[in-house]
Amino acid sequence: MRTYKGRLVTLPENGVFVFGSNTEGRHGKGAALDARTYFGAEQGNANGPQGRSYAIITKDLTKTKHPSVDAVTIALQALGLYLYASQNPYKKFYVAYSGTGTNLNGYTNEEMALMFCGPHYVEIPDNIIFEEEFWKLIVNKKEQHRQEILNKKQ
């Protein structure tokens, strides 16, 4: 698995910036603002490919308490990203979640990593690139899940 370090403001020509969006497609803070500023994310477009970016809805602006989008919905969107990446193998998808710091959506980094793990039978495509510390969290969550499955079989 490929990883990167630091904030992304440039990408290779085949790079796609994957970021957390809100239900209104208002890309005004954090990675969403970077997506709009540097990678062509479209105001009013809440999810999917746009410009050189790909949005996953992680925050519902009609709610006052966060997290406001349930984890299953986010995990399904991550699976949708993996399918899209598999269908576009010439592109590299840089996921803008970090293993450190805070998320504007109200989830911890560990919770977000769990959502990006996918079911145990899903392989994360090789053209998905994670921030190094976030990738470590994903690997840890996948191993915990594997151990839970093995323990249930015993």
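Which residue forms a salt bridge with Lys-5? The partner is Glu-132, and the closest N and O atoms are 3.6 Å apart. The structure is a predicted model, in which local features need pLDDT of at least 70 and side-chain atom pairs count only at pLDDT 80 or more, while totals for chains, interfaces and linings use all residues. Residues are numbered from 1 along each chain as its sequence is written, and side-chain values use heavy atoms, with hydrogens and water left out.

**Salt bridges**

- A search of the whole structure finds 4 salt bridges, a salt bridge being a side-chain nitrogen of Lys or Arg within 4 Å of a carboxyl oxygen of Asp or Glu.
- Helices (H or I, at least four residues) and strands (E, at least two) are DSSP runs, numbered from the N terminus.
- Lys-5 counts as exposed because its relative accessibility is 64%, whereas Glu-132 is partly exposed at 25%; buried means under 20% relative accessible area, exposed over 50%, and partly exposed in between (1.4 Å probe, protein chains only).
- Arg-7 forms a salt bridge with Asp-34, with 2.7 Å between the closest N and O atoms.
- This pair also links distant parts of the chain, as Arg-7 lies in the loop between β1 and β2 and Asp-34 in helix α1 (residues 30-39), 27 residues apart.
- Arg-7 is exposed, with a relative accessible area of 59%, but Asp-34 counts as buried at 10% relative accessibility.
- Asp-60 and Lys-63 form a salt bridge in which the closest N and O atoms are 3.9 Å apart.
- Asp-60 counts as buried at 13% relative accessibility, and Lys-63 is partly exposed with a relative accessible area of 42%.

**Aromatic pairs**

- The whole structure holds 12 aromatic pairs; rings of Phe, Tyr and Trp (its six-membered ring) pair if their centres lie within 6.5 Å, and planes under 30 degrees apart count as stacked, over 60 as edge-to-face and the rest as tilted.
- One of these pairs joins Tyr-97 and Phe-116, which are tilted, with 5.6 Å centre to centre and 50° between the planes.
- The pair links distant parts of the chain: Tyr-97 is in the loop between β5 (92-95) and α3 (109-117), and Phe-116 is in helix α3, 19 residues apart.
- Tyr-97 and Phe-116 are both buried.
- Ring pairs link Tyr-97 and Phe-116 with Phe-130, Phe-134 and Trp-135 into a cluster.

**Nonpolar cores**

- The largest nonpolar core has 29 residues, and those with the most contacts inside it are Leu-81, Phe-116, Ile-128, Phe-130, Phe-134 and Ile-138.
- A nonpolar core is a set of buried Ala, Val, Leu, Ile, Met, Phe, Trp, Tyr and Cys residues joined through side-chain atoms within 4.5 Å.
- Two or more residues of this core come from each of β2, β4 (53-59), α2 (71-87), β5, α3, β6 (128-131) and α4.
- Another core, of 12 residues, lies apart from it, with Phe-17, Ala-41, Tyr-94 and Ile-129 among its members.

**Helix packing**

- The axes of α3 and α4 come within 8 Å and cross at roughly 65°; axes are lines fitted to C-alpha atoms, for helices over the stretch in contact, and angles run from 0 to 180 degrees between N-to-C directions.
- That makes α3 roughly perpendicular to α4, since angles under 35 degrees count as roughly parallel, over 145 as roughly antiparallel, 65 to 115 as roughly perpendicular and the rest as oblique.
- α3 passes α4 in a right-handed crossing; a crossing is left-handed if the near helix is turned anticlockwise from the far one by less than a right angle, and right-handed if clockwise.
- α2 and α3 pack with their axes 7 Å apart, at an angle of about 50°, and are therefore oblique to each other.
- The crossing of α2 and α3 is right-handed.

**Other contacts and backbone**

- Val-18 is in strand β2 and counts as buried, at 0% relative accessibility.
- Val-18 and Ala-35 are 17 residues apart in sequence and 8.0 Å apart in space, C-alpha to C-alpha.
- Thr-3, in strand β1, counts as partly exposed at 32% relative accessibility.
- Thr-3 and Phe-134 are 131 residues apart in sequence, with 9.0 Å from C-alpha to C-alpha.
- His-66 and Pro-67 are joined by a cis peptide bond, with omega about 10°, and Pro-67 is found in the loop between β4 and α2.
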